Amino acid sequence: MTDTSREYAARLDADDPLAPLRDAFVRDDPELVYLDGNSLGRLPKTTAERITRVVRDEWGTDLIRSWSHWADLPFQVGDLIGEALLGAAGGQVVVADSTTVNLYKLAVAALDARPGRTVIVTDDDNFPTDRYVLEGLAAQRGLELRVVHTDIDQGLDPNLLQEAVGADTALVSLSHVAYRSGALLDMTAVTEIVHDAGALVLWDLCHSAGSVPVRLDASGADLAVGCTYKYLNGGPGSPAFLYVRKELPDLRQPIWGWFGQRDQFAMGPAYDPVPGIGRFLVGTPPIMAIAAVEEGVRLLAEAGIDRLRAKGQALTGYVIDLAEAWLPELALATPADPRRRGSHVSLRHPEAWRMAQAMIADRVIPDYRTPDRLRLGPAPISTGFTDVWNGLDRLRTIVHERTYERFSSEPARVT
């Protein structure tokens, strides 16, 4: 039986090798319990200092001379992300644009690399922006978007995926960790299924990068995208990253911009893409935002992805244990096996929306996902076991005293 005392949570924090890194983040409100690190990561203390230097010294003093090193930043930070968090050797990851734009670029490149094939495959619980981009491409090109049904609690069944792919499949695009439940796919097994059909696979890593070990090179994955404002702590609206396997050097993306052009400042009359990952750049990189991403990723690299994974499994397991002990009214909507989930947990209840609002009023920040999920994301690098205990303890009071009934039952628009 799980020890549900607060003293036990304190002992877990005392034994946590990553505990000192919690002090690397801004925590101005000691009473606030933040359980939404899988939506927006906390602010690293060094980020404000880094942005100040970029603004004051690099922009303010050096002005345009700073492009001598700014131009390398998308590649420098891309390599840091790839090598520390994604299992990707250098030269295959670059920071650019948003996740949606990167997904579009890579999906188009993949479709063009499989001429004559007429099917795109995804699943019905993939993140909405992914499905919308793929739906748009299918409509524009007269292709079939084949959508595999997914259990929104347990994740995609690889057997159903295998039935859906075939000789007509050009591209399969899936999320490594499901945004709603946290269900984790076996990247290697799924990639093998896709490759056996002669198709390319495009992974969305938004809910796994920085919390779950990703083995892009080892798995044989072709393409991947991911955001940096969740576990990577890059800040709201921070630019995304993309990965292209080095064995796919001839892929050509659809947005031809001057930062992907060979001999950029020759201002030539025709587009001639640079070799390698640089061809997936488009316009001028957002330097201050990429600098902020680097600060967040450096902390994750210091922690080490394997230690982050162990901590994430322990934190989510602790959430589940306390919920089972204190909150039998809420059903687990996430795989119970720690090997099959990422670093967030969903609990199911018809009043999940109102419970979330009551938690926010009680200084606990969770998340809500349709249709009736309370989503709790304790980021491994910045969340302690005592944070989880405090958050679940307050939720227990809210549920048992039914204080959530004071809040509107109509959910606002969730982004």
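Modeller: A residue counts as buried when its relative accessible area is under 20%, and as exposed when that area is over 50%, with partly exposed in between. Please keep in mind that this is a predicted model.

Biologist: Then where does Asp153 fall, buried or exposed?

Modeller: Asp153 has a relative accessible area of 13%, so this residue is buried.

Biologist: Which residue forms a salt bridge with Asp153 at 2.9 Å?

Modeller: That partner is Arg348, with 2.9 Å between the closest N and O atoms.

Biologist: How many salt bridges does the structure hold?

Modeller: The structure holds 27 salt bridges. One of them joins the side chains of Asp272 and Arg262, at 3.0 Å from N to O. Both residues lie in the loop between strand 8 (241-244) and helix 10, so the pair ties together parts that are 10 residues apart in sequence. Asp272 is partly exposed at 34% relative accessibility, and Arg262 is partly exposed at 41%. Salt bridges with shared partners also join Arg50, Glu294, Glu295 and Arg298 into one network.

Biologist: Turning to helix packing, how do helix 4 and helix 10 cross?

Modeller: The axes of helix 4 (residues 73-86) and helix 10 (residues 287-303) come within 10 Å and cross at roughly 25°. That angle makes the two helices roughly parallel, since angles under 35 degrees count as such. The crossing of helix 4 with helix 10 is left-handed.

Biologist: Which residues meet there?

Modeller: From helix 4 the contact includes Leu73, Val77, Leu80 and Ile81, and from helix 10 it includes Ile290, Val293, Glu294 and Val297. The residues of this contact divide into 14 nonpolar, 1 polar and 2 charged.

Biologist: Now the backbone. Where is there a cis peptide bond?

Modeller: A cis peptide bond joins Thr370 and Pro371, with omega at about 0°. Pro371 is placed in the loop between strand 12 (367-369) and strand 13.

Biologist: Which residues other than glycine have a positive phi?

Modeller: Leu63 is one of them, with phi of about 50°. Leu63 is found in the loop between helix 2 (45-59) and helix 3 (67-70), and counts as partly exposed at 47% relative accessibility. Asp97 is another, with phi near 55°.

Biologist: Where is Asp97 found?

Modeller: Asp97 lies in the loop between strand 2 (93-95) and helix 5 (99-112). Its relative accessibility is 28%, so Asp97 counts as partly exposed.

Conventions
Residues are numbered from 1 along each chain as its sequence is written. This is a predicted model: local features need pLDDT of at least 70, side-chain atom pairs count only at pLDDT 80 or more; totals for chains, interfaces and linings use all residues. Side-chain values use heavy atoms; hydrogens and water are left out. Axes are lines fitted to C-alpha atoms, for helices over the stretch in contact, and angles run from 0 to 180 degrees between N-to-C directions. Helices (H or I, at least four residues) and strands (E, at least two) are DSSP runs, numbered from the N terminus. Angles under 35 degrees count as roughly parallel, over 145 as roughly antiparallel, 65 to 115 as roughly perpendicular and the rest as oblique. A crossing is left-handed if the near helix is turned anticlockwise from the far one by less than a right angle, and right-handed if clockwise. Contact means heavy atoms within 4.5 Å. Ala, Val, Leu, Ile, Met, Phe, Trp, Tyr, Cys and Pro count as nonpolar, Asp, Glu, Lys and Arg as charged, and the others, Gly among them, as polar. A salt bridge is a side-chain nitrogen of Lys or Arg within 4 Å of a carboxyl oxygen of Asp or Glu. Buried means under 20% relative accessible area, exposed over 50%, partly exposed in between (1.4 Å probe, protein chains only).
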